[in-house]
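Subject: Handover of a structure and notes on its features

Dear colleague,

Please find the structure below, together with its sequence. My notes on what was found in it follow, and I would be grateful if you read them with the model open.

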Amino acid sequence: MKIIEVIKKIEQDSNCRLVKRTTDFTNESAPPEDLNYFFSHYDSLQMFSDKPYGIKIVSSNEFIPTSKRLYLEDDVIWEELEGDISNEWYLIAESEQINQYISIDLSASHLGYCYDSFLETHATPGDSQIIAKSFLEHLYASKGENWFWLADNFESYGDAYEGR
């Protein structure tokens, strides 16, 4: 499993802080295999917090629908999001101080796909880029130096709303 290889590198990296799980992980949905492995063994991960693009893999108790994290309960946006595909997107990573979030899709058709959920573009057709098909894919390799999906050489997987 590729995630085990990445986690072995992370464990050896002094710029990362991996928090081991001390309680059982339970989730009513069927998470992707890599996410299930991560939350079964670890609670959270802080990567490169001293770098401009440091990011945190959220703890299992912060693993909630991304829209619930970004929008107040009485926000008018909820009317627009009713029945939207983004209701299946869960917060997996954040760099809160700069309003950058990454969502992971738990829908059957796109299970494990990750999206750029920047506060101003989250759940916006045409601005909801698929940035990875596995939640740790590319994040560790970027070493906190950039958002890998904004690099000129990044090959996009398309937009979350395409073909739906």
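In which helix is Ile 3 found? Ile 3 is part of helix H1. Please bear in mind throughout that this is a predicted model.

Helix H1

Helix H1 covers residues 2–12, and its buried residues are Ile 3, Val 6, Ile 7 and Ile 10. Viewed down the helix axis, these buried residues fall within an arc of 100 degrees, so they line one face of H1. On the face turned away from that buried side, H1 carries the exposed residues Glu 5, Lys 8, Lys 9 and Gln 12. What do the buried residues of H1 pack against? Their partners are strand E1 (16–20), helix H2 (33–41) and strand E2 (42–47).

Ile 3 itself has a relative accessible area of 7%; because buried means under 20%, this residue counts as buried. Leaving out residues up to four places away in sequence, Ile 3 touches Asp 34, Tyr 37, Phe 38, Phe 135 and Leu 136. The C-alpha atoms of Ile 3 and Leu 91 are separated by 18 Å, and these two residues are 88 residues apart along the chain.

The largest pocket

The largest pocket holds about 250 Å³ of space. Twelve residues line this pocket, and those nearest its centre are Lys 2, Val 6, Leu 136, Glu 137 and His 138. Which element gives the largest share of the lining? Helix H1 does, with four residues. By class, the lining of the largest pocket consists of six nonpolar, two polar and four charged residues.

The largest cavity

How many cavities of 30 Å³ or more does a search of the whole structure find? The search finds one. The largest cavity contains about 30 Å³ of space. The residues lining the largest cavity are Met 47, Phe 48, Tyr 53, Gly 54, Ile 55, Leu 139, Ser 142 and Gly 144. Five of the lining residues are nonpolar and three are polar, while no charged residues are found there.

Two residues with positive phi

Most residues other than glycine have a negative phi. Phi of Ala 123 is positive, near 60 degrees, in a residue other than glycine. Ala 123 sits in the loop between strand E6 (114–116) and strand E7, and its relative accessible area of 12% makes this residue buried. His 138 is not a glycine either, yet its phi is positive at about 75 degrees. His 138 belongs to the segment after E7. Is His 138 buried, exposed or partly exposed? With a relative accessible area of 32%, His 138 is partly exposed.

Asp 159

Asp 159 is likewise located in the segment after strand E7 (130–132). Its relative accessibility is 10%, and therefore Asp 159 counts as buried. Which backbone atom does the side chain of Asp 159 reach? The side chain reaches the backbone nitrogen of Asp 127, at 3.3 Å. Setting aside neighbours within four places in sequence, Asp 159 is in contact with Thr 124, Pro 125, Gly 126, Asp 127, Ser 128, Gln 129 and Ile 130.

With kind regards,
A colleague

How values were computed. Residues are numbered from 1 along each chain as its sequence is written. This is a predicted model: local features need pLDDT of at least 70, side-chain atom pairs count only at pLDDT 80 or more; totals for chains, interfaces and linings use all residues. Side-chain values use heavy atoms; hydrogens and water are left out. Buried means under 20% relative accessible area, exposed over 50%, partly exposed in between (1.4 Å probe, protein chains only). A polar contact is a pair of N or O atoms within 3.5 Å; within protein, one must be able to donate a hydrogen and the other to accept it, and residues adjacent in sequence count only if both atoms are side-chain atoms. Contact means heavy atoms within 4.5 Å. On a 1 Å grid over the protein atoms alone, a cavity is a set of points where a 1.4 Å probe fits but cannot get out, and a pocket is an open set with protein on both sides within 12 Å along at least five of seven lines; lining residues have an atom within 4 Å of a point. Grid points are joined across faces, edges and corners, and a volume is the space filled by probe spheres set on the points. Ala, Val, Leu, Ile, Met, Phe, Trp, Tyr, Cys and Pro count as nonpolar, Asp, Glu, Lys and Arg as charged, and the others, Gly among them, as polar. The arc is that of the directions from the helix axis to the C-beta atoms.
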